[in-house]
Amino acid sequence: MDDLKVCSWPVGRPLAYARNSRKIPERAIDKVAASIKEFGWPVPIVVDKDGVIIRGHTRLLAAKKLGLQDVPVHVADNLTPAQVKAYRPMDCATRDIGNRTYRTHGLHFLPSGRTSSVRVLAFLSSLHTDSLDVFAVRRRFICRPITGLFQHGGMDIAGWEQMYRSGERGAENHPTRLLVDILPELTPGNAVDLACGTGRNALFLAESGWNVTAVDGSRAAIAELQERAGKRGLPIRTQVQDLTSAEFDLPRDTFDLVVIAYYWQRDLFRKVTPALRGDGTVLAIAHVPEPGEALTYKRAAPGELQTFFGGWEILHYYEGPSRDPAHRRPVAEIVARRP
């Protein structure tokens, strides 16, 4: 399959197709908005070389309803006018769900035959209809293990254990710059550092007067954190937990700050909100693809991180080169306060 290049556009830049005869019901917009808010935005809006929407009118309206400032867009400038013309009617056809629905349950359905980027985009775009797991079947499909955009894949705990035990991971002694910049604006309270690694941010929070819980899937990383905290006399609570496990959860109404730095797991955000108390704050940093790099489950799509915080007070948002010396890939950063 051809790599799909996805970029971030201001929400007002994609142009509606003037001859689109389909009236999009408000309930469809609401359902897509809810889907984007809970699961993120794994499928971009597709536009032609002039910026006119080929697929994604409902997603754009949902983004506007959520108050998003940017949306992920794929410019299909490789399509001929005839292909664009043929592609647009499929946008309406795939949304006619009718009475036949199919749930993925860990499987990825792709059109049989040659899977070009055009056909895959046509199929994937239909997933953001009424929900992410329901779609119409208009063609013959083959079933393949899910890969790429929709699968998190679970934590490679054994791999992380090996890296931490061997020292291959390298030392990260300084807290991430965003945390250093934002912490003076926050009142110390209870904080949880998810995917904490060896604890550079947890240690900084504890030294700054916060009551800290640090969680990671690697026992080796937690052991190193405990040793570092002990040497500094810092009382940090630690937990070894697989964050991708269905059993993992956070206590409700407990934390004033949740830190998720350089770890990307879409379904983790829905567990974070109930864990905050009052107008608690989330600080999250995720890697985004390099220019020309295909999107995978390890990367947030451009503009995707902010979709999890519709209606929140955004204290900081940034996408671009990493400002953290320990990380070289481009990032998306957000600090958001719950309303």
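Q: Which residues in H7 meet residues in H8?
A: On the H7 side they are Arg-200, Leu-203 and Glu-207, and they meet Leu-225, Arg-228, Ala-229 and Arg-232 in H8. Meeting here is contact, heavy atoms within 4.5 Å. This is a predicted model, where local features need pLDDT of at least 70 and side-chain atom pairs count only at pLDDT 80 or more, while totals for chains, interfaces and linings use all residues. Residues are numbered from 1 along each chain as its sequence is written, and side-chain values use heavy atoms, leaving out hydrogens and water.

Q: How do H7 and H8 pack, and at what angle?
A: Helix H7 (residues 200-207) and helix H8 (residues 219-232) pack at about 25°, with axes 10 Å apart. That makes H7 roughly parallel to H8, because angles under 35 degrees count as roughly parallel. Their crossing is right-handed, meaning that the near helix is turned clockwise from the far one by less than a right angle.

Q: What about Gly-12, buried or exposed?
A: With a relative accessible area of 60%, Gly-12 is exposed. Gly-12 sits in the loop between strand S1 (7-10) and helix H1 (26-39); helices (H or I, at least four residues) and strands (E, at least two) are DSSP runs. The C-alpha atoms of Gly-12 and Leu-60 are separated by 9.0 Å, though these residues are 48 apart along the chain.

Q: Which residues touch the most other members of the largest nonpolar core?
A: Leu-194, Val-258, Ile-260 and Phe-309 do, in a core of 29 residues. A nonpolar core is a set of buried Ala, Val, Leu, Ile, Met, Phe, Trp, Tyr and Cys residues joined through side-chain atoms within 4.5 Å. S11 gives the most to this core, with four residues. As for Phe-309, leaving aside neighbours within four places in sequence, its contacts are Phe-269, Val-282, Ile-314, Ile-334 and Ala-336.

Methods:
Buried means under 20% relative accessible area, exposed over 50%, partly exposed in between (1.4 Å probe, protein chains only). Axes are lines fitted to C-alpha atoms, for helices over the stretch in contact, and angles run from 0 to 180 degrees between N-to-C directions. Angles under 35 degrees count as roughly parallel, over 145 as roughly antiparallel, 65 to 115 as roughly perpendicular and the rest as oblique.
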